[in-house]
Amino acid sequence: MIVDDLEKRLNIEKLPVYFLEGADGFLRNKAIEYFVKLVSDDLSIFNLQIFDDVEAMNDVISACNMMPVMDNSKVVIVRSTSKLSDSDKAQLISYLKKPADFTTLVLSDDSSPSVLNQLYKYGEVVDCKGCSEAQILKWVKEVAQSRNIDIDDKAILLLSKFTDCNMMRVLKEVEKLVAYCDGKKITVNEVELLVTPDNEYSIFKLTDALKDGNNFEALTVLNSMLSKGTKPSVIISTLSGNYRRMFEAKVSSLDVNELAKVLGVKPYAITLARKQAEKYTQIELKKFNDTLHELEFLFKSGQTDEREALQRAMLMLIKK
């Protein structure tokens with residue numbers, strides 16, 4: 001279940017256990033906000049308990065088993081389970097097998113790798129791995145409306161691309177744009193002027209130019225990244241990941257969501273990869289992957305300089 005659907009579902013039915021899967025801070029906070037709303041303000045001191053971390057699972061389970069006060073239900077939230085020990089997990093499993101029917105327990109699975117994924121069968125999983133462009137468009141428009149800010153939809157979508165759909169960063173950038181525009185409408189021009197694209201977006205622009213044979217644009221993007229201090233090793237590693245994703249998108253029969261889950265990326269990244277992969281054959285993408293992987297090994301093992309490795313990578317990828 002995605003966070004967008006959570007509030008509506010909670011109004012229909014409250015389950016005993018929910019897992020917040022993923023480390024996107026904005027989505028986790030948004031989901032937790034919906035659970036907090038289940039408890040009336042007057043009774044929150046009794047019927048809402050929030051644990052920042054799992055210091056003692058005994059305390060969490062005791063809170064779950066304690067009857068609600070002057071109400072039929074209560075909510076217990078654990079914001080982080082990254083420190084969950086094996087003994088804590090054993091206690092938790094014992095509770096999950098027979099949870100209190102008057103308690104909604106919310107467990108935030110924010111660690112990587114996950115410490116709770118084997119327990120998901122005991123409850124409902126809420127996807128907090130990352131925002132989609134549609135979610136960012138919706139929520140930024142809500143924020144803008146509440147603060148009487150005028151921002152163009154195209155500017156929001158470009159912001160989502162520049163930040164790799166990181167909503168926390170999007171909101172910070174919006175604050176910067178609001179200060180700069182001083183009441184004027186925020187457009188694509190202001191986003192391009194003030195917001196620095198992250199490496200993922202820059203690599204997308206680079207690979208997009210390469211697949212179209214636009215070598216001048218490709219070298220312009222590359223030089224821009226280097227001039228801003230991006231290390232050649234980071235560019236090679238990100239390029240390698242991007243071409244590997246393109247290869248998987250080319251050969252896999254899985255749908256977008258399934259492949260995204262397997263590769264640990266957002267669905268829109270797979271959609272973009274499949275579109276870029278259309279310009280290449282499987283053999284070409286396999287060659288690029290093998291060579292980029294070899295170049296990564298060569299500079300990591302000290303057999304070549306990272307800048308030389310990047311030059312060799314670009315000579316291979318640029319269309320003659």
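Author: The model is predicted, and the pair in question consists of helix H10, residues 199–211, and helix H11, residues 215–227. Their axes lie 8 Å apart and the helices pack at an angle of about 160°; because angles over 145 degrees count as roughly antiparallel, H10 and H11 are described as roughly antiparallel to each other. The crossing in which H10 passes H11 is left-handed. On the H10 side the contact is made by Asn199, Ser202, Ile203, Lys205, Leu206, Ala209 and Leu210, while H11 contributes Glu217, Ala218, Val221, Leu222 and Met225.

Elsewhere in the chain, Ile93 belongs to helix H5, residues 86–97, and is partly exposed, with a relative accessible area of 23%. Leaving aside residues up to four places away in sequence, Ile93 touches Leu119 and Tyr122, whereas the C-alpha atom of Ile93 is separated by 54 Å from that of Ile318, which is 225 residues away along the chain.

The other residue is Met70, located in the loop between helix H4 (57–65) and strand E3 (74–78). Most residues other than glycine have a negative phi, but the phi of Met70 is positive, near 55°. Met70 is also exposed, with a relative accessible area of 72%.

Note on methods
Residues are numbered from 1 along each chain as its sequence is written. This is a predicted model: local features need pLDDT of at least 70, side-chain atom pairs count only at pLDDT 80 or more; totals for chains, interfaces and linings use all residues. Side-chain values use heavy atoms; hydrogens and water are left out. Helices (H or I, at least four residues) and strands (E, at least two) are DSSP runs, numbered from the N terminus. Buried means under 20% relative accessible area, exposed over 50%, partly exposed in between (1.4 Å probe, protein chains only). Axes are lines fitted to C-alpha atoms, for helices over the stretch in contact, and angles run from 0 to 180 degrees between N-to-C directions. Angles under 35 degrees count as roughly parallel, over 145 as roughly antiparallel, 65 to 115 as roughly perpendicular and the rest as oblique. A crossing is left-handed if the near helix is turned anticlockwise from the far one by less than a right angle, and right-handed if clockwise. Contact means heavy atoms within 4.5 Å.
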